[in-house]
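User: I would like a close look at one part of the model shown here, followed by its surroundings.

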Amino acid sequence: MYRILSRAWGRQHWWPAETPFEVIVGAILTQNTSWTNVERAIASLRAADKLSVEGIREVPLRKLKRLIRSSGYFRQKAQRLKNFVAFLDARYGGSLESMFAMPAEQLRPTLLALSGIGPETADSILLYAGNHTIFVVDAYTRRILERHNAVSASAKYDETRSLVESALRRARLLPPMFDALPAHERPEAHPPSAMSTAQRALPAQVYNEMHGLFVQVGKHYCLKSAPKCEICPLGSLLEGRRPT
């Protein structure tokens with residue numbers, strides 16, 4: 001899957017953000033909403049000069065709710081942003097560098113203990129903001145792997161994550177082969193950003209790319225209903241079995 005998608009579509013430049021804290025804000029805001037809605041909320045925070053640890057710390061909760069309203073569930077998400085900054089202040093003196101200096105196996109349970117931070121959000125923070133070597137499992141990933149009989153519908157989050165990490169442990173970055181697919185058949189990737197082009201360990205970069213590629217498959221081909229297997233780059237791996 002990684003070889004096929006990476007060569008067909010190239011880098012996806014996910015996560016689109018300028019700073020690690022912007023990644024964290026996006027990871028919290030994207031829960032139960034579309035990325036388009038998150039982009040609007042992040043633009044509001046940036047315009048108000050609140051897209052920083054200091055900004056979230058100082059902004060009144062009522063104003064924060066108003067700024068991120070487009071992301072949905074804005075009351076809960078505003079409180080989660082406040083809670084995260086309070087946690088960062090209390091445990092790491094407000095320093096993301098100090099937080100991410102912790103080994104992932106120690107930091108992950110700490111993040112999961114925060115209200116409203118589940119495995120997908122915690123792993124997004126670790127991989128995309130902290131450049132830790134950990135794979136992010138989302139609904140697209142589960143759907144694709146289930147339809148390809150790689151995992152069962154009852155597989156736990158960490159079981160799926162471990163499977164992908166094991167499969168990709170020795171993978172390398174691959175050059176795209178754009179001549180093999182017309183441009184109009186490639187999903188549009190995000191423009192490069194400071195975070196999407198940041199230097200990271202090879203396994204972390206491969207996990208980064210695989211997650212972004214799975215998102216594209218899920219959004220454009222492996223739809224929840226009426227999947228487009230016949231035109232999906234991964235269709236040839238289904239061995240004649242078309243999901244319903």
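What covers the buried residues of α3?

Analyst: The cover of the buried residues of α3 includes α2 (20-29), α4 (53-58) and α5 (61-67). Contact here means heavy atoms within 4.5 Å. The model is predicted, with local features requiring pLDDT of at least 70 and side-chain atom pairs counted only at pLDDT 80 or more, whereas totals for chains, interfaces and linings use all residues. Residues are numbered from 1 along each chain as its sequence is written, and side-chain values use heavy atoms, with hydrogens and water left out. Helices (H or I, at least four residues) and strands (E, at least two) are DSSP runs, numbered from the N terminus.

Helix α3 spans residues 35-47, a run of 13 residues. From its first C-alpha to its last it reaches 18 Å, close to the 18 Å expected at 1.5 Å a residue; that expected span is 1.5 Å times one less than the number of residues. The buried residues of α3 are Trp35, Val38, Ala41, Ile42 and Leu45. Buried means under 20% relative accessible area, exposed over 50%, and partly exposed in between (1.4 Å probe, protein chains only). Viewed down the axis of α3, these buried residues fall within an arc of 115 degrees, so they line one face of the helix. The arc is that of the directions from the helix axis to the C-beta atoms. An α-helix has 3.6 residues a turn, so residues three or four places apart point the same way. Thr36 and Ala47, on the other side of α3, are exposed.

In the loop between α2 and α3 lies Asn32, a residue other than glycine with a positive phi near 60 degrees. Asn32 is exposed, with a relative accessible area of 66%. After α3 comes Asp49, whose phi is likewise positive, near 60 degrees. Most residues other than glycine have a negative phi, and most peptide bonds are trans.

Rings of Phe, Tyr and Trp (its six-membered ring) pair if their centres lie within 6.5 Å; planes under 30 degrees apart count as stacked, over 60 as edge-to-face and the rest as tilted. Trp15 sits in the loop between α1 (2-9) and α2, and the peptide bond from Trp14 to Trp15 is cis, with omega near 20 degrees.

Just after α9, Asn131 takes a positive phi of about 60 degrees.

Asp123 in helix α9 has 0% relative accessibility and therefore counts as buried. Its side chain makes a polar contact of 2.6 Å with the side chain of Arg108. A polar contact is a pair of N or O atoms within 3.5 Å; within protein, one must be able to donate a hydrogen and the other to accept it, and residues adjacent in sequence count only if both atoms are side-chain atoms. Not counting residues up to four places away in sequence, Asp123 touches Arg108, Ile134, Phe135, Val136, Tyr157 and Arg161.

The whole structure holds nine aromatic pairs. In one of them, the rings of Phe87 and Tyr92 have centres 5.8 Å apart and planes at 80 degrees, so the pair is edge-to-face. Phe135, already named as a contact of Asp123, forms an edge-to-face pair with Tyr207, at 6.1 Å centre to centre and 85 degrees between the planes. This pair links distant parts of the chain, with Phe135 in the loop between α9 (119-129) and α10 (139-147) and Tyr207 in helix α12 (residues 202-220), 72 residues apart. Phe135 and Tyr207 are both buried.

Finally, the largest nonpolar core has 72 residues, of which Ile68, Phe84, Met99, Leu111 and Val217 touch the most other members. Its largest share, eight residues, comes from helix α6 (residues 74-92). Such a core is a set of buried Ala, Val, Leu, Ile, Met, Phe, Trp, Tyr and Cys residues joined through side-chain atoms within 4.5 Å. Met99 touches Phe84, Phe87, Leu88, Tyr92, Leu107, Leu111 and Ile125, not counting residues up to four places away in sequence.
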